[in-house]
Amino acid sequence: MVKKVTAENNKRGNLTRFPLLPLRDIVVFPHMVVPLFVGREKSILALQAAMDTDKFIFLAAQKNAKTDDPAEGEIHLQGTLCKVIQLLNLPDGTVKVLVEGRRRGIVSRFIANDSYLLVEVDECFDSAEPDPETEALMRGTKTTFESFASFSKKIPQETVQAVLDTSDPSRLADTVASHLNLKTKQKQHFLSIVQAVSRLEWLIALMGSEIEILQLEKKIHTRVKRQMEKSQKEYYLNEQLKAIQKELGGKDELKQELAEIEQKISSGKLTKEAEHKGLSELKKLKHMSPMSAEAAVVRNYVDWLISLPWGDCSQENLNMVDADTVLNADHFGLEKVKERILEYLSVASLVKKMKGPILCLEGPPGVGKTSLARSIARATGRSFVKMSLGGVRDEAEIRGHRRTYVGAMPGKIIQNLKKSGSGNPVFLLDEIDKMSTDFRGDPASALLEVLDPEQNSTFNDHFLDVDYDLSPVLFLATANSLHAIPRPLLDRLEVIRVEGYTETEKLEIAKRYLVGKQLRLNGLSQQTVSFTDKALLEIIRFYTREAGVRNLEREIAAVCRKIAYRIAKGKRKNVTLRPQQVRDFLGSHRFSHDSAEPEDSVGVVTGLAWTETGGELLSIEVTVLPGKGIMTITGQLGEVMQESAHAAVAYVRSRASLLGLERNFFQSLDIHIHVPEGAIPKDGPSAGIAMATAVTSALTGRAVRQGYAMTGEITLRGRVLPIGGLKEKILAAKRGNVKAVVVPKGNEKDLGDMPKEVLAGIRIHLAAHMDEVLENVLSEVRVLPELFMPAAEMIPAFADAGKAAH
């Protein structure tokens with residue numbers, strides 16, 4: 001029940017207003033005697049006003065203890081009406097006051113007053129009559145408080161006895177609450193509860209929860225105490241054991257060394273699993289004889305464990321301008337790779353933690369895949385490590401050996417991370433397509449975990465036998481071709497094709513990088529030796545045949561050595577290299593580029609092939625002989641290329657009537673398909689349309705136009721399918737003075753990615769069907785003898801059929 005204090009019913013002299021003293025982080029309950037130190041001017045004036053009347057003052061807590069001059073809305077309305085028992089002015093101007101809480105109250109309204117806070121208060125009375133429920137709650141409160149005091153050890157027995165002797169439920173609740181360690185919000189909530197029964201219920205629930213926590217603390221304390229006693233016992237015995245060993249001639253160096261290792265394990269950045277494993281192994285090592293074989297194995301394991309860069313990542317350079325400058329300074333071209341690295345740095349600058357990409361640079365030898373990986377490390381500010389996978393056939397090279405084997409060591413992944421000294425290096429897996437498999441396991445399968453961003457955060461080396469996080473590592477792989485990489489492993493790689501260089505790009509690379517490098521290595525300078533562009537082109541065209549620049553650098557080095565020899569002999573001082581001098585130094589031309597047929601020819605087609613050293617012209621010859629329908633294929637062709645030849649002949653037979661051939665022409669003729677340079681193995685489907693064109697030309701007697709080359713796979717229905725290596729093939733066509741190239745319609749998208757200089761000076765014909773190819777490259781004039789021609793009467797019909805076909 002809330003009762004209004006007014007002039008009519010106030011038993012303290014009809015006082016309707018009370019001074020207000022705001023409190024910081026303190027809540028005073030009724031029946032409490034509390035000393036307070038008051039320093040704020042308004043609070044001191046409020047105390048003086050109370051002393052001038054009947055010594056009653058209203059105490060209420062501030063909502064924010066940091067507020068120095070609280071306003072009306074910054075003070076809780078629920079508070080306690082208190083009486084000042086004693087007031088003492090201190091020398092520093094503050095006041096010490098002793099107050100006694102009387103009753104709860106609620107601020108009805110604030111009275112305007114400039115000197116201090118003045119409020120009108122509604123007093124709160126608990127009108128509940130004693131009943132069995134109240135009696136039960138009081139007994140429960142006393143019992144619970146007694147149990148709480150036994151666990152707490154902070155409440156004196158006199159206080160417990162005073163609580164047990166209390167018979168008033170309201171006084172009991174307030175007294176118990178005053179001895180509990182409550183937060184300010186909890187105290188304010190308790191003060192706002194008027195009914196004593198509700199307060200008792202709230203206290204029983206709170207003390208029950210606190211008792212459970214105290215019991216748990218006691219249980220933990222007991223367990224810790226037992227562990228400490230056990231540790232002290234072990235320490236005592238270990239000290240005795242060390243003393244005995246010392247008396248027997250042992251040295252303190254081992255003890256000091258083991259202590260240092262233990263310090264490194266405890267204070268390092270090891271994972272919890274690794275730290276537990278390391279301390280466990282170190283504990284075993286302490287009880288072993290230093291001379292035992294097992295001690296050497298354990299010591300080696302612990303040394304490996306503490307030497308790894310657990311979570312020790314180098315600071316990454318996320319400045320894209322700097323990275324772009326470094327990449328362009330080290331390499332010419334390769335725009336796709338550079339763009340992908342800059343994209344990674346862009347994302348890394350926006351995301352606090354990201355998984356490193358797993359890139360595979362695929363391309364021919366000598367195009368700069370390995371050196372590009374070093375540049376990426378330099379551009380990103382990371383350390384660089386390289387692992388060559390060529391010829392690796394043992395799974396343990398990746399995952400390590402288990403410690404049960406003599407001489408066991410971690411795998412190359414962990415070894416290289418230790419070598420790098422960083423947890424986030426650029427890790428190059430070189431020649432990933434050169435791995436093999438034998439009875440010792442499949443290293444490619446072991447790499448599946450390493451190169452999977454979803455798994456490599458818990459990479460488990462057999463030697464360490466603890467998880468190691470590889471997710472911060474930026475993995476790069478290199479390969480010359482993708483067909484040798486297992487499909488599950490290839491699926492985890494982001495493949496970036498590194499194309500072979502054009503002649504113009506090779507010239508720029510030689511001028512910017514290779515010449516200067518070889519001059520320095522051979523003790524020459526650019527002031528004494530200079531290469532003309534024609535001299536470099538002479539080397540590129542006639543002394544090298546490659547997609548990259550490795551042999552080009554080798555030939556430039558050979559020229560520099562010969563110049564250095566002449567300078568050392570005193571014959572020359574300043575040299576300017578021209579094509580004739582290149583021939584003098586390097587001898588006669590080593591390579592002559594194939595060229596297209598110089599004139600229209602029957603049964604001879606210039607095809608285009610891709611090799612690991614770049615593109616090549618491929619001459620395909622077909623001759624038709626009287627016979628019994630036998631088809632002969634020569635030139636050391638692989639199975640796929642032989643199947644293309646059969647498909648080409650099948651297409652021609654299916655179009656016999658449209659091509660002006662007799663339907664059973666095949667029964668009386670033998671067809672011989674030959675690809676020159678028979679000592680060189682050849683394979684692949686991209687010569688399909690060239691074979692079909694050559695066969696058609698030989699059977700119909702229509703010549704293949706001069707200056708044409710072609711590439712594309714053929715189906716039995718005559719569809720032309722897309723092929724790979726188009727850039728290298730077009731470059732080969734340009735070297736061979738080819739004027740026009742027929743390519744599949746499906747490769748149109750690849751033409752848009754090629755530099756303009758590659759396509760300059762050459763016509764591209766896109767063909768979706770074999771009929772379009774024949775229309776472009778076959779002339780209308782027959783030039784063969786009658787032996788290989790259709791009957792003369794078939795010629796007019798053939799002309800009409802040819803028009804209908806197109």
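Predicted model: local features only at pLDDT ≥ 70, side-chain atom pairs only at ≥ 80, totals over all residues.
1. Strand 7 has both of its faces covered: Leu117, Val119, Val121 and Glu123 on one side, and Leu118, Glu120, Asp122 and Cys124 on the other, are all buried. In a regular strand the side chains alternate between the two faces of the sheet. For strand 7, which spans residues 117-124, eight of the eight residues are buried, so the strand is largely enclosed by the rest of the structure.

2. The pairing of strand 7 can be followed on to two other strands. Strand 2 (residues 17-23) pairs with strand 7 in the antiparallel sense over four bridges, and within strand 2 phenylalanine 18 stands opposite valine 119 of strand 7. Strand 6 and strand 7 form a hairpin, with five residues between them.

3. Which aromatic contacts deserve attention? A search of the whole structure finds six aromatic pairs. One of them joins phenylalanine 190 and tryptophan 202, whose ring centres lie 5.7 Å apart and whose planes meet at 40 degrees, so the pair is classed as tilted. This pair links distant parts of the chain, since phenylalanine 190 belongs to helix 5 (residues 184-192) and tryptophan 202 to helix 6 (residues 196-247), the two residues being 12 apart. Phenylalanine 190 is buried, with a relative accessible area of 0%, and ring pairs link Phe29, Phe190 and Trp202 into a cluster.

4. A further pair is made by tyrosine 301 and phenylalanine 463, with ring centres 5.8 Å apart and planes at 50 degrees, so this pair too is tilted. Tyrosine 301 lies in helix 9 (residues 293-307), whereas phenylalanine 463 lies in the loop between strand 11 (459-460) and strand 12 (467-468), so the pair ties together parts that are 162 residues apart in sequence. Are the two partners buried or exposed? Tyrosine 301 is buried, with a relative accessible area of 0%, and phenylalanine 463, at 2% relative accessibility, also counts as buried.

5. A contact involving a charged side chain may be noted as well. Arginine 653 lies over the face of phenylalanine 666, at 4.5 Å from the ring centre.

Technical notes. Residues numbered from 1 in each chain as written. Heavy atoms only, no water. Phe/Tyr/Trp six-rings, centres within 6.5 Å; stacked < 30°, edge-to-face > 60°. Buried < 20%, exposed > 50% of the residue type's maximum accessible area, 1.4 Å probe, protein only. Lys NZ or Arg CZ within 6 Å of the ring centre and 35° of its normal. Pairing = 2+ DSSP bridges.
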